[in-house]
Amino acid sequence: MSHATVDLTGTSVLARFIVRRDRIRIVVWIGSIAALVAVTAASVKGLYPTQADLDLAAAASKGNAAAIAFSGPAQGLNTVGGQVAFQAGASGLVVVALMSLLMIGQLTRGEEEAGRLELLRSLPVGSAAPTVAASMIVLTMNAVVGALVAGTLLVEGLPVAGSIAFGASFALLGLVFACVALVAAQISENTRVVYGIAGAVLGASFVLRAVGDIGDGTVSWLSPIGWVQKTRPFAGERWWPFLPTIAAAAGLLVVAEVLAARRDLGSGLVPPQPGSRTASPALGRPLGLAVRLQRGSVIGWGAGVLLTAVAYGSIANSIDDFVRNNKTLADMFASGGASLTESYLATSMRILALVGAGFVIQSTLRIRGEEIQLHAEPVLATPVSRQRWAMSHLLVAAGGSVVLLAIAGLAVGISYGLVGGGVAVVPGLLGDALVYIPAMWLMVGLTFALIGLVPRGVVAAWAVLAFCFIIGLLGGMLGLPRWLMDLSPFEQVPQLPAAHFSVLPLLVLLVVALGLGVTGMAGLRRRDIG
Amino acid sequence: MTPAIAVSGLVKTFGPTRALDGLDLIVDTGEVHGFLGPNGSGKTTTIRVLLGLIRADAGEVELLGRDPWRDAVDLHRRLAYVPGDVSLWPKLSGGEVIDLFGRLRGDLDQRRRDELIERFELDPTKKSRTYSKGNRQKVGLVAALASNAELLILDEPTSGLDPLMESVFQDCITEIKGEGRKVLLSSHILAEVEALCDRVTIIRAGRTQQSGTLAELRHLTRTSITAETNRPAGELADLGGVHGFEIDGARVQFDVDNDQLAAVVSRLAEFELRSLVSHPPTLEELFLRHYGDELARERALTRGDRNDQV
């Protein structure tokens, strides 16, 4: 194949088709990133109404290695714009990079792996058209994100140059990771591996800039996230660091094209690794199968909880300084009698438990997923009862939730211990996390009851979690009535270490969880599978 | 002896759709039974009832003398099943899936497993994600055929297999038949059914149309006749039981109802018969005769396929 003739026949039709098919996903991605920046800008203005507040916040963050590691270099923090760039910067940039790599992975390798690309290529469609169409869409998404981010900040009345620099950071970083994903998509024929490769590059970029930003900033130059943050939005903008960003994107694009020319449709540059010829002894029982199928998911969620918990634990020590002079933040962590640090740790545990509940629902819904994907049918055609089959996944969900809570408690405890709390806090914080076990199991039971009784409506489990999240994060600030907040099982758990332990609510949660589980099992036994 | 499968008046509805509408099916001990019907006629739904995955709305269903819904787990120790579309966990290898099913069933025969993997030329180390349709089907077949189950329930088991593998499959079923085990074979490959099955049941729109040995079914239909005569035999067209009559000079071609066969052939002889070729209907012709016209009419009337319901 020659490079001179790139056949683009059908590109615009394909691009329109992608927009039609993925319109909801596209809008949700763009909307949530713009909303993140808008909400941050509004909250910064509310939290720090005067220059004195901003100066205090800047002073608090300046020497805070943990905050810098998770947000970015401390630049221009005594301005509203600088605070927005600090608070929404690193997380927003990670989200825009995720958006780009997931979209590219799905639209290129995902389509190819599913065999749909083959069908398209059998039509009068140019060889480069599907990839170019996907790239055009993702490029446009990034441009729109950049424009919306800049526009939002301008509407909030922030300086023009900073707003444009900040918006451009989003657009160009997204572009770089779209190109990273394009290269990864040539390497493996497995879409999940593509996500893994591109995700690893993103993770490395984040860690390198964290290390650099804590130090003298040199190491940050190894990271694309570091490059765009070096443009210093709202802190004396300089534009030239966008050049390596654009150059990297262009270079990756050329690499992707060279690699694409060396491979066949459907294959990757790296051949797939063979699996095992025979099954291990564990893989002969339903529980062994469920563990094997969900192992990766537990590890992934565990890593996420670990990182979040370390982030929370490592700033626990400075929370008193941070909050003392700020009424809004103090309200957020308000709790009669307990110290601010204790309230903060209790809130952290509740948030980590809510994050872990995401795993719980996903893991329990695996039962329904196995059913829909016709994986359950041949298993249930062996002498495995429905109860035993469902129980195997329920055990993984319930056991996995304990693992995640243990990771959360230990990680918060150890990181808080290292920054000043002392090792002695670890066992206590582990217990403060594990106290959420009954609430997690209630979520298992609830999800399973839906699977047993209304298999077509299981998505409601996610709505329940969203409700619990809103109650848990914003309930106090929104001034919601007590009875409404009490509906969330996470509110029933004693908020340790800021409150006293009491066993009764935990027993009630366990009984409800058990009742829901029994109900779900009765429903599953009675209904049709499939 | 109780039959392996005894179904009568089976009804199953999905919302407004009546997927099974009084279906009957008898599979006797020691026979390979062909289960035929157009797409969406209810074959898979019947099999799912037999496996206890879905519950019958009405009718009698017995599998090996017991209730497939209530006694599912016990019954499943005695049967092996191959779905029409073998859906595998992407990250497990074919070998792992075969072992898993063997162990879940509790009768993994290592020697037989390895022999079947060889015969079907399956690479057991590949991840399921990378298997083609035919290879996924082979995984399902090896997992089922490696068992010693007394009843095999096979739902279009060879879809996607190449002719070479198709013949390996037929050899395997012939061996199983020799061991006196029972097989319910739902299939669209009529040559496969003709080669393997003792009896067949043909269903349509959730009802049994016909059931019997191939010879019995043939008897109920027509024989094709091609003949050459010295005198033009045009007047045969008016005889009762003659269909699709065509004449081309000395040559005539027609189908005749089997109960009129003797009368028509003796009339034919009167026109100074020079040559005569007759052949019984192939299963394919049987099938088309049953469904050809009716299907066209029905498809025009009802939209939508039962298949996407499941």
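**A sheet in chain B, and what lies around it**

Guide: Start with B:Thr226, which sits opposite B:Val277 of strand 13 of chain B. Before going on, remember that this is a predicted model: local features need pLDDT of at least 70, side-chain atom pairs count only at pLDDT 80 or more, and totals for chains, interfaces and linings use all residues. As for the names, residues are numbered from 1 along each chain as its sequence is written, while chains are lettered from A and ligands numbered from 1 in the order in which they are written.

Now back to that pair. Strand 10 (residues 222-229) of chain B and strand 13 of chain B run antiparallel, with six bridges joining them. Helices (H or I, at least four residues) and strands (E, at least two) are DSSP runs, numbered from the N terminus, and two strands count as paired if DSSP finds at least two bridges between them. Strands of a sheet pair through backbone hydrogen bonds, either parallel or antiparallel.

What else is in chain B? Chain B is split into domain 1 (5-217) and domain 2 (222-280), with bounds that come from an automatic or database domain assignment. The C-alpha centres of domain 1 and domain 2 of chain B are 42 Å apart.

Chain B has another open sheet, of three strands in the order 2-1-4, and its pairing is antiparallel. Strand 2 (17-27) and strand 4 (58-63) of chain B are the edge strands, each with a single partner, so one side of each has no neighbour in the sheet. On average, neighbouring strands here are turned by 25° against each other, direction ignored. Strand 1 (residues 5-14) of chain B is joined to strand 2 of chain B by eight bridges, and the two run antiparallel. For one residue of this kind, look at B:Phe14, whose bridge partner in strand 2 of chain B is B:Thr17.

How far can you trust chain B? Its pLDDT (the predictor's confidence in each residue, from 0 to 100) averages 88, and 92% of the residues score at least 70. Take care with residues 303-310 of chain B, where pLDDT stays under 50. Chain A averages 89, with 94% of the residues at 70 or above. The model as a whole scores ipTM 0.81 and pTM 0.79.

Next, the neighbour. In total, 27 residues of chain A are in contact with 31 residues of chain B, where contact means that the C-beta atoms, placed from the backbone, lie within 7 Å. On chain A's side, the elements giving two or more residues are helix 12 and helix 16 (376-380). Helix 16 of chain A gives the largest share, four residues. By class, that side of chain A has 14 nonpolar, ten polar and three charged residues. Here Ala, Val, Leu, Ile, Met, Phe, Trp, Tyr, Cys and Pro count as nonpolar, Asp, Glu, Lys and Arg as charged, and the others, Gly among them, as polar.

Finally, follow helix 12 into chain A. The axes of helix 12 (residues 286-315) and helix 15 (residues 340-372) of chain A come within 10 Å and cross at roughly 170°. These two helices of chain A are therefore roughly antiparallel to each other; angles under 35 degrees count as roughly parallel, over 145 as roughly antiparallel, 65 to 115 as roughly perpendicular and the rest as oblique. Among the residues making the contact are A:Trp301 and A:Tyr312 of helix 12 and A:Phe359 and A:Arg366 of helix 15. Sorted by class, this helix pair's contact has eight nonpolar, seven polar and one charged residues.

Terms used:
Two residues are in contact if their C-beta atoms, placed from the backbone, lie within 7 Å. Axes are lines fitted to C-alpha atoms, for helices over the stretch in contact, and angles run from 0 to 180 degrees between N-to-C directions.
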